[in-house]
Amino acid sequence: MISIDNVNKWYADFQVLTNCSTEVKKGEVVVVCGPSGSGKSTLIKCVNALEPFQQGDIVVDGTSVADSKTNLPKLRSRVGMVFQHFELFPHLSITENLTIAQIKVLGRSKAEATEKGLKLLERVGLQDHAHKHPGQLSGGQQQRVAIARALAMDPVVMLFDEPTSALDPEMVNEVLDVMVQLANEGMTMMCVTHEMGFARKVADRVIFMDAGQIVEDCPKEEFFGDVSARSERAQQFLAKILQH
Amino acid sequence: MNYNWDWGIFFKSTGIGSEIYLDWFVTGLGWTIAIALVGWVIALLLGSLLGVMRTVPNRWIAGIATTYVEIFRNVPLLVQLFLWYFLVPDLLPEPLEMWFKQDLNPATSAYLSVVVCLGLFTAARVCEQVRTGIQALPQGQTAAAYAMGFRLPQIYSNVLLPQAYRIIIPPLTSEFLNIFKNSSVASLIGLMELLAQTKQTAEFSANLFEAFTLATLIYFTLNMGLMLLMRMIEHRVAVPGLIAVGGK
Ligand SMILES: Nc1ncnc2c1ncn2[C@@H]1O[C@H](COP(=O)(O)OP(=O)(O)OP(=O)(O)O)[C@@H](O)[C@H]1O
Ligand SMILES: [Mg+2]
């Protein structure tokens with residue numbers, strides 16, 4: 001579904017991504033972790049071409065991101081993305097947030113888009129909030145709406161960039177629950193997250209990044225199984241985040 | 001001070017036709033409003049376009065808008081007015097120049113000059129407000145819109161501008177009020193707007209203080225009315241759940 005092939009990216013002289021290669025198969029859930037500044041966000045933003053890269057290629061469901069002939073808006077409309085800070089559109093109601101891209105990008109009718117949006121809103125348990133605005137919801141609720149908004153586009157894959165790290169602790173689980181449900185339904189997912197409980201529960205593979213490189217890329221059982229077999233950097237990182 | 005106040009002056013005949021002085025003020029106010037409103041429409045449209053241009057990820061487009069702002073903000077308004085009224089018509093193609101100088105009546109040609117002048121001058125200021133409003137929005141809004149498949153023009157019209165305009169209503173209000181005050185420059189090229197009518201009344205009637213008191217009151221009332229109008233708009237478009245506006 002996503003194949004990342006030898007991607008290199010620079011910000012001026014600074015190399016953010018170095019020879020990154022990996023694969024996410026259909027229905028697979030891959031968790032990406034690593035220390036701050038290691039390039040996790042940059043890597044998943046390359047997948048839907050929010051960030052350009054200078055070398056290598058990424059192919060999403062048969063479409064090359066690096067190919068200059070690729071219709072990027074069309075590609076992006078098939079890749080759902082959930083951000084750390086939700087990024088709902090504050091001036092639009094929840095219903096409008098759920099329908100605007102369906103209408104303006106996919107060309108669906110308002111009625112069709114609204115029906116789809118409300119169905120997804122119900123699925124994330126927020127059907128009573130359809131008429132509200134994002135500013136009237138809690139962080140956890142906003143993030144669930146953001147997930148529903150991405151799903152409304154019928155994406156072939158979902159990208160998550162630290163979807164719970166801006167949330168108060170008591171709201172983390174409501175968002176993770178939605179993500180777990182999504183994973184169990186067979187959605188292809190690439191998630192940057194430090195929620196190792198989530199990784200243990202639903203991930204197929206775990207990728208560990210450090211200094212712009214993919215240092216570890218292995219099945220979950222292997223990643224969490226024998227910690228002493230991991231690279232030194234991964235061990236240090238795991239020791240830090242598993243303490244809690 | 002030995003001055004005989006006579007507030008009845010406004011109802012006295014001007015000696016020209018059957019007009020009383022108050023009629024002059026009404027005509028003047030009409031011109032003032034006509035200048036300011038049409039100038040404001042130009043300023044809002046052009047200023048928004050320029051403000052967007054300054055924020056797009058293209059150096060050439062942004063550069064054009066920046067140059068525009070630098071020129072129109074830094075040349076004094078009166079100089080701009082004289083250029084539009086005295087110089088620009090000479091640069092027009094012959095038929096247009098003749099039309100402007102000979103076919104139009106003098107009030108209309110002065111009106112066109114002052115409306116274009118104020119519109120373009122104020123556009124530079126509106127541009128800066130719009131730019132500031134757009135830049136105040138989190139980068140993530142644009143990223144989220146791109147991620148859903150929106151194209152850049154759609155992002156501006158659906159995501160960035162609706163939010164930016166809400167933020168900049170207060171500074172836009174003061175630009176709106178400014179264009180009313182600035183419309184008085186029209187009196188310098190002979191257009192009988194409110195200030196010119198006031199001066200004329202003062203000269204004809206010798207009731208200088210009454211005339212200028214009335215003009216002050218009219219400008220003041222106009223400003224208050226516009227301010228209230230903008231407040232109402234601000235409350236109307238306020239987004240539920242965001243920090244309330246206008247000290248609510
Ligand atoms: N626009 C930019 N210009 C220059 N450097 C950048 C830019 N964006 C990111 N970087 C740098 O690239 C590196 C990778 O950033 P990235 O955001 O991908 O890290 P991350 O792994 O997501 O970290 P975090 O956990 O803090 O989100 C960092 O060193 C960052 O400072
Ligand atoms: Mg990040």
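In this predicted model, a polar side-chain atom of Thr42(A) lies 2.4 Å from an oxygen atom of ligand 1, a polar contact being a pair of N or O atoms within 3.5 Å, where within protein one must be able to donate a hydrogen and the other to accept it, and residues adjacent in sequence count only if both atoms are side-chain atoms. An N or O atom in the side chain of Ser41(A) is placed 2.6 Å from an oxygen atom of ligand 1, and for Gly37(A) a backbone N or O atom lies 2.8 Å from an oxygen atom of the ligand. Taken alone, ligand 1 exposes 640 Å², of which the protein buries 59%; accessible areas come from the Shrake-Rupley method with a 1.4 Å probe, and for residues only the protein chains shown count as cover.

The residues around ligand 1 include Tyr11(A), Phe14(A), Val16(A), Lys40(A) and Glu162(A), a residue being near a molecule if one of its heavy atoms lies within 4 Å of it. By class, this shell has four nonpolar, six polar and two charged residues, where Ala, Val, Leu, Ile, Met, Phe, Trp, Tyr, Cys and Pro count as nonpolar, Asp, Glu, Lys and Arg as charged, and the others, Gly among them, as polar. Strand S2 (14-24) and helix H1 (40-47) of chain A each supply at least two residues of the shell, and H1(A) gives the most, with three residues; helices (H or I, at least four residues) and strands (E, at least two) are DSSP runs, numbered from the N terminus.

Residues are numbered from 1 along each chain as its sequence is written, while chains are lettered from A and ligands numbered from 1 in the order in which they are written. Local features need pLDDT of at least 70 and side-chain atom pairs count only at pLDDT 80 or more, whereas totals for chains, interfaces and linings use all residues, and side-chain values use heavy atoms, with hydrogens and water left out.

The contact between the two chains takes 23 residues from chain A and 22 residues from chain B, contact meaning heavy atoms within 4.5 Å. Chain A and chain B bury about 1,900 Å² between them, 66% of it on carbon and sulfur atoms, where buried area is the accessible area (1.4 Å probe) that two parts lose on being put together, summed over both. In chain A, Glu87(A), Phe89(A) and His91(A) lose the most area to chain B, together 29% of what that side buries. Six residue pairs are in polar contact between the chains, both residues at pLDDT 80 or more, and helix H2 (72-77), strand S6 (79-82) and helix H3 (94-104) of chain A each supply at least two residues of the side that touches chain B. The residues of that side divide into 12 nonpolar, seven polar and four charged.

In one of them, Arg233(A) pairs with Asp210(A), the closest N and O atoms being 2.8 Å apart; because Arg233(A) lies in helix H9 (residues 232-242) and Asp210(A) in strand S9 (residues 205-210) of chain A, the pair ties together parts that are 23 residues apart in sequence.

Chain B has 10 helices and zero strands. Ala143(B), which is found in helix H6 (residues 139-147) of chain B, touches Leu50(A) and Phe83(A), not counting residues up to four places away in sequence.

Technical notes: Salt bridge = Lys/Arg side-chain N within 4 Å of Asp/Glu carboxyl O.
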